[in-house]
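Dear colleague,

I am handing over the structure below, followed by some notes on what was found in it. Please read them with the sequence and the model open beside you.

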Amino acid sequence: MSEYAFDADRTAVIVVDMQNGFCHPDGSLYAPGSEEVVDDVAALVADAREAGAAVVYTRDVHPPDQFEDAHYYDEFERWGEHVVEGTWETELVEDLDVREEDHVVVKHTYDAFHRTELEGWLNAHGIEDLVICGTLANVCVLHTAGSAGLRDYRPVLVEDAIGAIEDEHKEYAVEHAGWLFGEVTTREEVRFE
């Protein structure tokens with residue numbers, strides 16, 4: 001077994017969009033594959049926290065009028081209304097142990113770096129390596145990981161802690177990430193030191 005060892009002082013676990021809207025059966029964009037990885041995400045976070053690594057949660061949140069003046073791309077048209085600001089859907093799933101010291105990033109697009117404070121926060125905390133998990137594999141996970149790589153962070157996707165609508169979506173995302181801009185591993189191979 002190969003092993004990925006991460007320096008806890010330079011590493012953050014990025015938990016992408018593990019929210020009720022995607023992970024709970026009553027969510028408008030519920031994907032069973034997202035619900036299935038909640039325990040693996042929680043275990044990865046617990047391991048990171050025990051070693052002293054930073055934990056960052058992203059929340060996809062859309063103001064109700066976000067796409068009213070859209071010229072080209074309207075997520076509500078593509079996906080239907082989802083994770084609308086102020087609703088239960090935007091909340092992180094209750095099975096995750098979100099703590100006061102964790103950093104939470106509210107984003108309005110697939111990419112957690114786009115018009116958020118994430119990059120500044122990571123730089124201020126000396127973070128270089130990003131251990132990425134969450135959902136959806138080929139959407140917000142892939143776009144966040146790609147954006148991280150373009151900003152010279154080391155994105156490492158933990159494939160068994162990533163949810164998707166369809167298995168082939170996840171297969172595509174991890175294969176593409178591993179080929180183009182990041183690395184792919186499993187939770188068992190991750191060690192924080």
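Predicted model: local features only at pLDDT ≥ 70, side-chain atom pairs only at ≥ 80, totals over all residues.

The negative patch lies on the surface and brings together E35, E36, D39, E94, D95, E166, D167, E168, E171 and E175. Two helices, α2 (32–36) and α7 (167–180), each supply at least two residues of the patch.

A second topic is the aromatic rings, of which five pairs are present in the structure. One of these pairs is made by Y4 and F6, which are stacked, with 6.3 Å from centre to centre and 20 degrees between the planes. Both partners are shielded, since buried means under 20% relative accessible area: Y4 has a relative accessible area of 18%, and F6 has 0%.

F6 also pairs with F192, this time in a tilted arrangement, with 6.0 Å from centre to centre and 35 degrees between the planes. Because F6 lies in strand β1 (residues 4–6) and F192 in strand β8 (residues 190–192), this pair ties together parts that are 186 residues apart in sequence. F192, like F6, is buried, and the ring pairs link Y4, F6 and F192 into a cluster.

The peptide bond that runs from T135 to L136 is cis, with omega near -15 degrees, and L136 is placed in the loop between β5 (129–134) and α6 (137–150).

There are also residues with a positive phi that are not glycine, including D17, whose phi is near 55 degrees, and D152, whose phi is about 75 degrees. D17 sits in the loop between β2 (11–16) and α1 (20–23), whereas D152 sits in the loop between α6 and β6 (154–162). Are these two residues buried or exposed? D17 is buried, because its relative accessible area is 0%, while D152 counts as exposed, because its relative accessibility is 71%.

Technical notes. Residues numbered from 1 in each chain as written. Heavy atoms only, no water. Patch = residues over 30% accessible without salt bridge, like charges linked within 9 Å, V, L, I, M, F, W, Y side chains within 5 Å. Areas by Shrake-Rupley, 256 points an atom, 1.4 Å probe, with all protein chains shown as cover. Salt bridge = Lys/Arg side-chain N within 4 Å of Asp/Glu carboxyl O. Lys, Arg positive; Asp, Glu negative; His and termini not counted. Charge placed at Lys NZ, Arg CZ, Asp CG, Glu CD. Helix = DSSP H or I, 4+ residues; strand = E, 2+ residues; numbered from the N terminus. Phe/Tyr/Trp six-rings, centres within 6.5 Å; stacked < 30°, edge-to-face > 60°. Buried < 20%, exposed > 50% of the residue type's maximum accessible area, 1.4 Å probe, protein only.
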